[in-house]
Amino acid sequence: VINHSPICSCNPGFTGDPFSRCFPIPPPPPPADPVITNPCVPSPCGPNSQCRDIGGTPSCSCLPEYQGTPPNCRPECTINQDCLSNLACMREKCRDPCPGSCGAGAQCNVINHTPICTCPEGYTGDPFSRCFPKPPPPTEPPRADPCNPSPCGPNAQCADGICTCLPEYQGDPYSGCRPECVINTDCPRNQACIRNKCQDPCPGTCGQNA
């Protein structure tokens, strides 16, 4: 009561019209959750890259197996010409195209990114399936020896089926060759048969001045 007049007010913790009704003050609403934004959504890094949130700032880097700098990350190769001439682009990597390209026993050489299969020296076959040793060349049948058995007579020699008398012998080589003489009567009357040769028998036979 102030100056003879009743003064109404709500008690602490209450609110409302004190002349009609006071009610408890409702609790304050809970604070709203702060809005968290991800600097990597959407990603500013470009294709083939990854984004990391570092203190609210996006940090870009190329994915593993890719090279370059975001936003220009690229694989090691996309076509063969991106590789050295002895390599080929396989699954975006420059690799040796030989493994698994050639057959068993074949050798592989890469020419302009392409595996070339060949059989090594001394081998033959399909180099893309299998190489095997070359068979030895067919042997010629043994030639018949025209001198075995010999068609020649005694004291004769045979060469490719042709008979000739041995040196110092004479006659028909197919029937038999004989020396120049065997007995004295084989020689002229003024010669004698000496060591199968018709010779002058005088030298060394007579004495001095005879």
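Biologist: What relative accessibility does Lys197 have, and how does Lys197 count on that scale?
Modeller: This is a predicted model, in which local features need pLDDT of at least 70 and side-chain atom pairs count only at pLDDT 80 or more, while totals for chains, interfaces and linings use all residues. Residues are numbered from 1 along each chain as its sequence is written, and side-chain values use heavy atoms, with hydrogens and water left out. Buried means under 20% relative accessible area, exposed over 50%, and partly exposed in between, with a 1.4 Å probe and protein chains only. Lys197 therefore counts as partly exposed, its relative accessibility being 29%.

Biologist: Which residue forms a salt bridge with Lys197?
Modeller: A salt bridge here is a side-chain nitrogen of Lys or Arg within 4 Å of a carboxyl oxygen of Asp or Glu, and the closest N and O atoms of Lys197 and Glu180 are 3.8 Å apart. Lys197 lies in strand β18 (residues 197–199) and Glu180 in the loop between β16 and β17 (192–194), so the pair ties together parts that are 17 residues apart in sequence. Strands are DSSP runs of E with at least two residues, helices are runs of H or I with at least four, and both are numbered from the N terminus. The partner, partly exposed with a relative accessible area of 30%, is Glu180.

Biologist: In which sense do strands β15 and β16 pair?
Modeller: Two strands pair if DSSP finds at least two bridges between them, and β15 (residues 169–172) and β16 (residues 176–179) have four. Within this arrangement the bridge partner of Tyr169 is Pro179, and a hairpin of three residues joins β15 to β16. The sense of the pairing is antiparallel.

Biologist: Which residues are linked with Glu65 in a network of salt bridges?
Modeller: The structure holds five salt bridges, and in one of them the side chains of Lys93 and Glu65 meet at 3.0 Å, N to O. This pair links distant parts of the chain, 28 residues apart, with Lys93 in strand β8 (residues 93–95) and Glu65 in the loop between β4 (57–62) and β5 (66–69). Glu65 is exposed, with a relative accessible area of 53%, whereas Lys93 is partly exposed at 23%. The residues linked with Glu65 in the network are Glu76 and Lys93.

Biologist: Which backbone oxygen does the side chain of Ser49 reach?
Modeller: Ser49 is found in strand β3 (residues 49–54) and counts as buried because its relative accessible area is 15%. Contact means heavy atoms within 4.5 Å, and, leaving aside neighbours within four places in sequence, Ser49 is in contact with Ser61, Cys62, Leu63, Pro70 and Cys73. At 2.5 Å, the side chain of Ser49 reaches the backbone oxygen of Gly46.

Biologist: Is His113 buried or exposed?
Modeller: His113 has its place in the loop between β9 (107–111) and β10 (114–118). Beyond its neighbours within four places in sequence, His113 has contacts that include Gln81, Cys83, Ser85 and Pro97. A polar atom of its side chain lies 3.4 Å from the backbone oxygen of Asn80, and one lies 3.2 Å from the backbone oxygen of Leu84. With a relative accessible area of 8%, His113 is buried.

Biologist: What distance separates the C-alpha atoms of Cys131 and Gln107?
Modeller: Cys131 is found in strand β12 (residues 130–133) and counts as buried because its relative accessibility is 6%. Not counting residues up to four places away in sequence, Cys131 touches several residues, among them Ala106, Cys119 and Tyr123. Although Cys131 and Gln107 are 24 residues apart along the chain, their C-alpha atoms are separated by 9.3 Å.

How values were computed:
A polar contact is a pair of N or O atoms within 3.5 Å; within protein, one must be able to donate a hydrogen and the other to accept it, and residues adjacent in sequence count only if both atoms are side-chain atoms.
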